Protein chains: 2
Amino acid sequence: MNDREKIIEILLKDDNFTLISHMLPDGDSIGSLLALGAGLKRIGKKVQMFTPGPIPRKYTFLKGAELVDNQVFSSTSSKVVIVLDSSDEERLGLFKDQVMSFARIINIDHHVTNQSFGSLNLIDAEASATGEIVFGILKELGVELDQPIAEALYVAISTDTGSFKYDNTTSHTHLVIAELLKYDLSPGVLSQKIFDERPLSFFILLKEAISSLELYLKQTVAVMTISKDIRVGSGATTDDLDGIVNYTRNIEGIELGILFYVESDREVKVGFRSKLLDVSALAGKLNGGGHVRAAGCRLQGNYETVKEKVLREAFEMLKEL
Amino acid sequence: MNDREKIIEILLKDDNFTLISHMLPDGDSIGSLLALGAGLKRIGKKVQMFTPGPIPRKYTFLKGAELVDNQVFSSTSSKVVIVLDSSDEERLGLFKDQVMSFARIINIDHHVTNQSFGSLNLIDAEASATGEIVFGILKELGVELDQPIAEALYVAISTDTGSFKYDNTTSHTHLVIAELLKYDLSPGVLSQKIFDERPLSFFILLKEAISSLELYLKQTVAVMTISKDIRVGSGATTDDLDGIVNYTRNIEGIELGILFYVESDREVKVGFRSKLLDVSALAGKLNGGGHVRAAGCRLQGNYETVKEKVLREAFEMLKEL
């Protein structure tokens, strides 16, 4: 039996599970958590759900979100913990030690970088989202889906594919969504919540970011810079920075977009977005990481020093393109 | 035989077709046109393709776009014209009379408002896009798809569903896309071209628009104002204004978004976007029109006068909500 078969067997046999997804939860981690939790309950299992840290407000509409404990990893009689969407144990944040002390750790994820830290590991890097893997598991368990499960899986998959825009979206992804849309979902309402609607503070931050725009290498590199003071002044959260960095790439003709977020005189966070360039390699050279078209790093030093270093590496890589 | 069956029969029997889609072409009209044109050619038909007016630059990468004539509706030996994605004959613009003089007019569309102006009409308002209907036709004709046809259909359907975000997206839509993605398409590259990428001038205009933001009625109404001077100064085109008005609605808590575009001391263009409010009714009161969540009007008068009038009407309607 391979790990997948063993996991299915355990899910069918055992009747008490602890589920957790990663810190700074996103749509895929929350959606996968809620869908698997609700699915296991539908076949009579006892389930406790956790996230290390609060669920962002935009996902709290999902049914079951109110049952997720994000403060205390309370003792439980379950002997099996299922970790979702977490490439390594560090992503379990303040709950890490408690999770890793379980006798049986089932690790379900789609990140190619997953460290296989579980006692059983189901890693499918072909899946667009952990939600896509959870869909397959629920099907194999014989769980009949319902509206809340379908909605949670839709949110999981649409978040991680950017509403099916990213290249991790496959034919199979769309087949799964075709199934989910049979359960009375509104793509319009869900997409507005997940993608389009942002707080006013985000747009003020965006204005500041565009004002800071600099272009390099015949307008193929776009650089935006935001200081902590400017972010705090706009009322935006650090989460909002993620939305900003995407804009660096969206300018016509731009191959590489960079956002510098100046945390202090001694530390700068850097986000990369690209159209063709492998920015995970670029970030890797700077002790960061990420995906091929979206990556980042965190560097010690003041803004000028960090910027010079980052641009030097970036220009070097672009030359090789 | 119903109209659909008659159309299939004609497409199989005849061997010479004229294809046309509507003026101010969008992704669905162009994608449907190119896919049906290429599909008919694959089964040995002669095809001529037209659009009344040029294809926007962002769609010219599609294979076959260079074969579409948008200047002259040249005489042709075909006796059958196929009109795609056009709710009425007015949408054929300068080619209208020539198209309507054909003995046989096949009208294929997904708009519920279609006027059935053809001699044969295949109107499927359940289809998310005309591209979704064309997919079904090609399948029924036994046309084997290829990469360019799949790409054209992908562009058609993803454009009209806003990358599967709008509520016209169905389970069937995703099944069709699942088929198309078997033909070596890159959702990432296509989506970037269709949705995300905008000229630099657009972002500068966006910055100006956000700077002008005013909020009313407990932050449920967002108003942005752009003068012609500011638009021209940013280098943006009038097309770019369309992208800006969407931002008025995307602010959290906003029910109604309004963009004032001051053309001169005597004329102001007004765009409306909403989440629930019927802005086509609002625009209607001001001699404009449009869709339920996206509408507009053009008013004579200076900015202050027009703004006061528009806000008065808008606040009135919001009170009734």
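Tutor: Buried means under 20% relative accessible area, exposed over 50%, and partly exposed in between, using a 1.4 Å probe and protein chains only. This is a predicted model, where local features need pLDDT of at least 70, side-chain atom pairs count only at pLDDT 80 or more, and totals for chains, interfaces and linings use all residues. Residues are numbered from 1 along each chain as its sequence is written, chains are lettered from A and ligands numbered from 1 in the order in which they are written, and side-chain values use heavy atoms, with hydrogens and water left out.

Student: Thanks! What share of the residues in chain A is buried?

Tutor: Buried residues make up 54% of the 321 residues in chain A.

Student: Why is helix α6 of chain A called largely enclosed?

Tutor: Helices are DSSP runs of H or I with at least four residues, numbered from the N terminus. In α6 (residues 171-180) of chain A, 7 of the 10 residues are buried, so the rest of the structure largely encloses this helix. Among them are A:H174, A:V176 and A:L180.

Student: What do the buried residues of α6(A) pack against?

Tutor: They pack against α4 (130-141) and α5 (147-160) of chain A, together with α6 of chain B. Contact here means heavy atoms within 4.5 Å.

Student: How many residues take part where the two chains are in contact?

Tutor: On chain B there are 44, in contact with 45 residues of chain A. The two chains bury about 3,700 Å² between them, 61% of it on carbon and sulfur atoms. Buried area is the accessible area (1.4 Å probe) that two parts lose on being put together, summed over both. B:K165, B:H174 and B:E252 supply 18% of the area that chain B buries against chain A, more than any other three residues.

Student: What makes A:E252 and B:R57 a salt bridge?

Tutor: A salt bridge needs a side-chain nitrogen of Lys or Arg within 4 Å of a carboxyl oxygen of Asp or Glu. The side chains of A:E252 and B:R57 meet at 3.3 Å, N to O, and this pair is called a salt bridge. Across the interface of chain B and chain A, the rule finds 6 salt bridges.

Terms used: Helices (H or I, at least four residues) and strands (E, at least two) are DSSP runs, numbered from the N terminus.
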